[in-house]
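Please consult the sequence and the model while reading.

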Amino acid sequence: MLLALVLCLSVHLAYSINNTASPFLNSLHQRKQMLCELGCKCPETGQILTFLDCSRRGISNLPTSLLIDSTFNSLSFKSNHLESLKVNTFTRADEVQELDFSLNMIAKIDNYTFAPFMSLVHLRLSHNRLSQVTPGMLNGLWNLRLLELGHNFIERISFQSFQVTPNLQELRLQYNPLFNLPENVFRYLHHLEKLDLKDTGLVLLPDNVFRPTPRLHWLSLAMNAFENVPEEALSHAPHLEILDLSENDFTILVEGAFRRLSSVSVLYLNNLKKLTRIEREALAGLEKLKTFSCSYNPKLSYIDENAFGSIHSNISKPRTPPREMLYLRQNALRTLKSPLDAKSWSSLSFVDLADNPWKCDCKLNWMMQLTKETKVNIKCDTPLSLRSRTFDSIDSSELHCNGNWAIATFALVVACMVAFAAVMLAVSAVVCSRTPVGLYVRAKQQFSYDKVQPKTETVDLEWDPSADM
Ligand SMILES: *[C@@H]1O[C@H](CO)[C@@H](O)[C@H](O)[C@H]1NC(C)=O
């Protein structure tokens with residue numbers, strides 16, 4: 001260990017002696033000095049740093065023609081006051097793989113500014129003031145794998161911008177006012193694997209937007225304004241595994257909402273303020289589902305027992321319940337018919353049904369099969385006799401559906417039926433009296449009275465030839 005350190009130091013010393021020997025490297029030294037004068041944490045004599053830290057130095061302007069020593073593979077200008085990046089700022093930065101300009105005030109980046117960063121893999125530009133991703137801005141970043149553009153003011157993204165970054169694997173655009181995406185925006189991103197579109201004002205996705213990105217496997221569409229699951233667009237991402245649709249405007253998840261998303265294994269549907277129901281077969285087709293996270297939905301009071309499909313499904317043959325984890329925490333569920341069969345329940349490694357206003361009656365008897373850890377967190381809200389009791393402390397015999405209540409319901413139903421029949425009778429009496437049959441009946445009734453016998457004069461008048469004139 002010590003030997004290695006000594007070796008390292010001596011190699012570096014030899015290198016710095018070489019440095020001072022050559023006039024070119026001498027100027028390099030001066031350039032390096034410029035960064036040190038800006039306040040960056042520069043290496044001391046004999047020290048080799050791979051990370052050049054220029055963060056939090058109050059820098060509002062960068063000098064021109066910066067040369068970044070090849071020992072550095074990471075460079076940070078995070079948390080400064082930069083407003084723009086100019087094309088001639090850097091002249092050489094061959095070995096830098098990570099560049100961080102996040103938390104500045106950058107509104108403009110010249111074409112080719114990053115061209116000297118031939119080896120750049122990570123570029124962080126989040127928390128700035130960019131309003132566009134323009135063609136030319138990323139020129140030279142052929143090796144870029146990660147681009148962070150979150151928390152800017154980006155409204156427009158030109159698809160040509162990414163023509164020069166074909167190896168991009170991760171694109172973070174969260175918290176930008178995009179509002180909609182052009183269908184061809186990812187046209188050149190054939191290697192894209194992760195995409196963050198959280199809180200970007202999206203209402204829908206163009207049907208073909210993910211056709212050029214077949215490797216996409218992580219996608220966040222959380223905190224947008226989708227009223228329907230963009231199933232068509234998502235069906236073109238055949239390797240999509242992790243999908244976050246939390247905090248959108250779904251009200252009811254209907255049959256087939258995820259029917260072609262057979263590769264999704266982790267699905268987040270949390271904090272859906274408007275969601276009330278998950279209908280039959282709404283979650284059918286999620287053939288690889290491992291984790292279903294559907295919590296903190298304050299109005300969600302109904303989940304169909306066939307939500308994950310049924311054996312008679314027209315969407316997917318087998319039912320598609322989650323295989324590892326199920327979160328249904330803090331929804332508005334009072335009751336639930338088991339959406340999983342006994343085998344599926346026992347194969348889950350984690351189940352969370354806590355913080356729902358459970359009505360503990362015979363309909364929840366199936367919950368007895370859940371593990372103790374799960375039952376400890378299920379607390380009854382009603383009936384009063386079981387309020388605040390946890391499910392693990394309740395015996396199956398205490399879960400009864402109240403007989404009196406059943407009789408009351410029955411009486412109410414009968415009363416309603418009687419009232420309904422009465423109304424129907426009254427309506428039909430009125431309606432019938434206006435139909436030809438009704439009129440005939442009424443006429444016949446009238447003619448049965450003696451006093452309405454037709455008078456002879458009237459008959460005579462009918463035959464009066466003068467009446468025809
Ligand atoms: C930047 O480059 C793009 C294309 O690469 C070009 O259309 C645009 O005009 C350039 N902008 C400037 C200011 O040169």
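A polar contact is a pair of N or O atoms within 3.5 Å; within protein, one must be able to donate a hydrogen and the other to accept it, and residues adjacent in sequence count only if both atoms are side-chain atoms. This is a predicted model, in which local features need pLDDT of at least 70, side-chain atom pairs count only at pLDDT 80 or more, and totals for chains, interfaces and linings use all residues. Residues are numbered from 1 along each chain as its sequence is written, and side-chain values use heavy atoms, with hydrogens and water left out.

Q: Which residue has a polar side-chain atom 2.3 Å from an oxygen atom of the ligand?
A: The ligand is surrounded by Asn 111, Pro 135 and Gly 136 (a residue is near if one of its heavy atoms lies within 4 Å). Pro 135 places a polar backbone atom 3.4 Å from a ligand oxygen atom. The polar side-chain atom at 2.3 Å from a ligand oxygen belongs to Asn 111.

Q: What percentage of the ligand's accessible area does the protein cover?
A: Accessible areas come from the Shrake-Rupley method with a 1.4 Å probe; for residues, only the protein chains shown count as cover. On its own, the ligand has 360 Å² of accessible area.

Q: Which residue of E20 is the bridge partner of Arg 277?
A: Strand E18 (residues 277–278) runs parallel to E20, and two bridges join them. In E20, the partner of Arg 277 is Tyr 302.

Q: How many nonpolar residues are in the lining of the largest cavity?
A: Residues lining the largest cavity include Leu 283, Phe 292 and Ile 303. Ala, Val, Leu, Ile, Met, Phe, Trp, Tyr, Cys and Pro count as nonpolar, Asp, Glu, Lys and Arg as charged, and the others, Gly among them, as polar. The lining has no polar and no charged residues, and its count of nonpolar residues is seven.

Q: Which residue does a cis peptide bond join to Thr 382?
A: Most peptide bonds are trans. Here a cis bond, with omega about -10°, joins Thr 382 to Pro 383.

Technical notes: Pairing = 2+ DSSP bridges. Helix = DSSP H or I, 4+ residues; strand = E, 2+ residues; numbered from the N terminus. 1 Å grid on protein atoms, 1.4 Å probe; cavity = no way out; pocket = protein on both sides within 12 Å on 5 of 7 lines; lining within 4 Å.
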